[in-house]
Amino acid sequence: MPNTKETTSNDSSNSQNTAYNPRKAREGEDSHDGDLPNLCPPDSPPSNTSHILSMAELLETASEVSKMTIAHEIVVNSDFRLQEVHISPNSLEGRVKETLHKAFWDSLREQLSKTPPDYSQAIKLLQEIKETLLSLLLPWQTRLQSQIEEALDMELIKQEAEHGALDIHSLTTYILGTMAMLCAPVRDEELQQLRVMSDPIHLLREIFRVLDLMKMDMVNFTIQTLRPHLQEHSVQYERKKFQELLDKLPGSLFYTTEWLRKAAAEVSPSNMVSSSSTSKTNGSPVPYSAAVAKDTACIQSPTAVLNHAYMDLLYWEPGREYPETMLMDQARLHALQVQVNQVAIIAAVLLMTSSTCGSREVNKILLQLGYPSLSSDKAASLRGQLRSLADKDNAVRTIIEQRIQTFLRNCLSPGDQNSKDLPQSLAPVQEELLDIGQRFGHLIHHNRQVFGPYYSDILKKLLLSERKPEAGTDS
């Protein structure tokens with residue numbers, strides 16, 4: 001058994017055969033951004049007929065969603081692993097659990113105290129222990145499997161019980177020795193404590209508790225072993241499972257379509273800000289001219305719209321329905337949204353403090369080296385400026401948020417997560433922003449690879465439908 005360490009883990013639309021030229025749609029977007037992967041939707045039969053699922057189909061669908069979610073979690077969360085659940089003994093669940101367990105083990109004690117002893121329940125427990133030990137074996141541990149089968153021969157144990165010759169102590173001694181060979185080092189101390197227990201009932205109860213922990217360790221080891229394989233095939237697997245869900249539940253991309261429709265409306269020729277129409281000076285965006293905007297942004301790029309939609313996830317309004325393709329990452333994206341807001345406030349506070357007090361004095365404060373006291377006027381001015389940050393329309397806060405958005409938008413494209421892209425005003429929160437950008441970019445890259453074909457299909461319909469009226473007007 002490998003050394004498993006405990007750590008805290010703090011994720012259809014109809015096919016179209018119409019030709020689509022992504023190069024024209026990419027005007028107004030830098031070439032390094034690339035375009036949507038596979039601008040052809042996956043082959044799927046048209047399915048517009050409404051269908052009410054039976055209870056069995058609902059349960060099967062729920063099971064498939066659960067499998068896809070677990071696979072996604074393993075891939076995107078490197079810290080994902082099972083952990084022991086601690087239930088408060090004072091909670092209702094804790095009291096009910098303890099009452100039931102006590103009744104069970106008291107019943108076993110009563111059976112073994114009879115004359116002659118009743119081993120029926122004990123034999124069932126030994127059978128369960130045997131099955132658990134065998135389930136913990138690795139495929140090549142055939143010799144140990146034979147030893148367990150021989151030492152815990154249930155037919156022989158039943159015969160010994162019928163003749164009153166069953167030696168539970170020797171069986172538990174063997175079981176503890178086998179557990180010691182199979183367990184991770186982190187369980188050694190608990191096994192040592194079991195070896196000194198003299199009460200057979202209490203010992204059996206603790207054996208089951210430690211076996212549960214060993215099963216959890218084995219699952220975590222399996223997750224760790226399979227993670228590279230899942231990462232290699234996760235895109236195909238998740239897309240396949242999602243397509244199966246769409247086949248059962250047509251129209252399940254409603255909120256995704258609305259999410260992209262909103263982004264397409266916001267990324268219009270009048271307000272589209274793409275990397276090709278924006279220059280940078282010291283990491284800060286410089287607005288482009290209206291003439292250039294008219295020429296370069298007249299055709300919306302699918303990548304620009306999708307990137308805008310991804311950025312929208314970091315500023316999601318409470319109560320707004322989440323796109324179906326992002327549901328598995330909703331909790332992670334919400335956490336990132338909270339962090340982005342916190343970093344923006346911290347950066348704005350530091351910028352205001354530095355400009356009011358002087359960076360030299362701020363450094364002295366941070367290093368707790370002492371500094372000259374602020375004048376009453378400066379102190380009052382600083383307090384007023386800091387209070388004003390609560391206003392979302394505050395000029396300093398707005399500038400900081402815009403610069404953070406520019407940086408995070410660059411993180412959606414490979415090779416742009418560089419500290420040189422950060423303006424001086426964001427230098428104090430550089431480490432936090434780089435971490436946020438890396439995690440955000442990783443999530444979005446995986447999502448784009450899995451659901452890119454579906455986004456392509458939706459955006460093709462949205463953008464082309466918007467161009468048709470314009471073409472009619474021009475003619």
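1. Aromatic pairs. Rings of Phe, Tyr and Trp (its six-membered ring) are taken to pair if their centres lie within 6.5 Å, with planes under 30 degrees apart counted as stacked, over 60 as edge-to-face and the rest as tilted. A search of the whole structure on this basis returns 11 aromatic pairs. In Phe242 and Phe451 the ring centres are 4.9 Å apart and the planes stand at 80°, so this pair is edge-to-face. The two residues come from distant parts of the chain, 209 residues apart: Phe242 belongs to helix α9 (residues 200-248) and Phe451 to helix α17 (residues 430-474). Helices (H or I, at least four residues) and strands (E, at least two) are DSSP runs, numbered from the N terminus.

2. Basis of the model. This is a predicted model, in which local features need pLDDT of at least 70 and side-chain atom pairs count only at pLDDT 80 or more, while totals for chains, interfaces and linings use all residues. Residues are numbered from 1 along each chain as its sequence is written, and side-chain values use heavy atoms, with hydrogens and water left out.

3. The relative accessible area is 7% for Phe242 and 2% for Tyr454, which is buried. Ring pairs join Phe242, Trp259, Tyr310, Phe451, Tyr454 and Tyr455 into a cluster.

4. A charge over a ring. The charged end of Arg320 sits over the ring of Trp316, at 3.7 Å from its centre. The criterion is that NZ of Lys or CZ of Arg is within 6 Å of the ring centre and within 35 degrees of the ring normal.

5. In one of them, the side chains of Lys130 and Glu149 meet at 2.9 Å, N to O. Lys130 lies in helix α4 (residues 120-135) and Glu149 in helix α5 (residues 142-151), so the pair ties together parts that are 19 residues apart in sequence. Lys130 is buried, with a relative accessible area of 10%, whereas Glu149 is partly exposed at 33%.

6. Glu190 forms a salt bridge with Arg187, and the closest N and O atoms are 3.4 Å apart. Glu190 counts as buried at 17% relative accessibility, and Arg187 counts as buried at 3%. Arg209 and Glu206 meet in another salt bridge at 2.8 Å, N to O. These two residues both lie in helix α9, three residues apart, about one turn of the helix. Arg209 is partly exposed, with a relative accessible area of 32%, and Glu206 is buried at 15%. Salt bridges with shared partners join Arg187, Glu190, Glu206, Arg209 and Asp217 into one network.

7. A cis peptide bond. Thr115 and Pro116 are joined by a cis peptide bond, with omega about -5°. Pro116 is placed in the loop between α3 and α4.

8. Ala151 and its contacts. Ala151 is found in helix α5 and is partly exposed, with a relative accessible area of 31%. Its C-alpha atom is separated by 7.9 Å from that of Tyr174, 23 residues apart along the chain. Leaving aside neighbours within four places in sequence, Ala151 is in contact (heavy atoms within 4.5 Å) with Leu171 and Tyr174.

9. The chain as a whole. The secondary structure comes to 17 helices and two strands. Of the 475 residues in the chain, 39% are buried. The chain exposes about 26800 Å², of which carbon and sulfur atoms supply 54%; accessible areas come from the Shrake-Rupley method with a 1.4 Å probe, and for residues only the protein chains shown count as cover.

Note on methods:
Buried means under 20% relative accessible area, exposed over 50%, partly exposed in between (1.4 Å probe, protein chains only). A salt bridge is a side-chain nitrogen of Lys or Arg within 4 Å of a carboxyl oxygen of Asp or Glu.
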